[in-house]
Amino acid sequence: MSDKFTLAKKTLYSKPIGVIIAGASRRPFFDEPRSLLSINNTNLINHQIKIINDLFHTPDIIFVGGYQIEKIQSSLTKPIRIGVNENYDDSSLVKTIQIGLNINILDSVLIVYGDMFFNHDIFDHLHTDTSSVIYSNKKNKKQEVGVVVNGNSVDNFSYNSKSKWAQILYLTGPELKKFKELCNKKENENLMGFEIINKMINQGGKLKAVETEAEFFIDIDTLEDYRKTKRYLSKGRVT
């Protein structure tokens, strides 16, 4: 990525922003947290942090972990804030996000799932003036959550939609306030993240639909997902 590109993006994203990376859970397919998976000469969490620091002007990054959190923390190459979900085995991702939201002190938040591999280009069309989600029409795994898009807006999230969510959510204004309120309700703590978003939309929240043309991104849920990521990286195609 060129210095000119970085400067342009940092100017665009000059607004103060909190960033929550939600990575508390563990998967039976992996011996270590997915945040520690090897990505070129670093690991996944440091790869995510680098891209966020490249694009956003002094982001306040909060990593919320649980499984082997001390090991993840000791691997970090840049200072960030840490939250801990001690009940990571018995709670959903919403609980992890809730912890990050309660640590955050800024008026805008980017929420990124901790198992997501992505590059700079996934944020090419994101603007920080309105709450939004990033989706792709290139990513069509049926088991992934889809986004029902109506014009430039999101109607709801559904597995049946062919437009798939990139597991990146940007919230500001009333949407951030409502989303945080819903995450903090005891009755919602075992819901999936997209189910909370649907509740927010049903209660008047507005989300802009931002289509990414990113060459490659993937949520690393299985060993095969990780193998795909390694094959992609072996071609040297990191943007």
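Modeller: We take the pocket, then a pair of helices. This is a predicted model, in which local features need pLDDT of at least 70 and side-chain atom pairs count only at pLDDT 80 or more, while totals for chains, interfaces and linings use all residues. Residues are numbered from 1 along each chain as its sequence is written, and side-chain values use heavy atoms, with hydrogens and water left out.

Biologist: What is the volume of the largest pocket, and which residues are the closest to its centre?

Modeller: On a 1 Å grid over the protein atoms alone, a pocket is an open set of points with protein on both sides within 12 Å along at least five of seven lines, and lining residues have an atom within 4 Å of a point; a volume is the space filled by probe spheres set on the points, which are joined across faces, edges and corners. Here the largest pocket has a volume of about 740 Å³, and of its 31 lining residues the closest to the centre are Arg27, Asp115, Gln167, Met192 and Asp221.

Biologist: At what angle do helix 4 and helix 5 cross?

Modeller: Helices are DSSP runs (H or I, at least four residues), numbered from the N terminus, and axes are lines fitted to C-alpha atoms over the stretch in contact (heavy atoms within 4.5 Å), with angles from 0 to 180 degrees between N-to-C directions. The axes of helix 4 (93-103) and helix 5 (residues 173-183) come within 9 Å and cross at roughly 125°. The two helices are therefore oblique to each other, a class left for angles that are not under 35 degrees (roughly parallel), over 145 (roughly antiparallel) or 65 to 115 (roughly perpendicular).

Biologist: Which residues meet there?

Modeller: Val94, Ile97, Gln98, Leu101 and Asn102 in helix 4 meet Leu176, Phe179, Lys180 and Cys183 in helix 5.

Terms used:
On a 1 Å grid over the protein atoms alone, a cavity is a set of points where a 1.4 Å probe fits but cannot get out, and a pocket is an open set with protein on both sides within 12 Å along at least five of seven lines; lining residues have an atom within 4 Å of a point.
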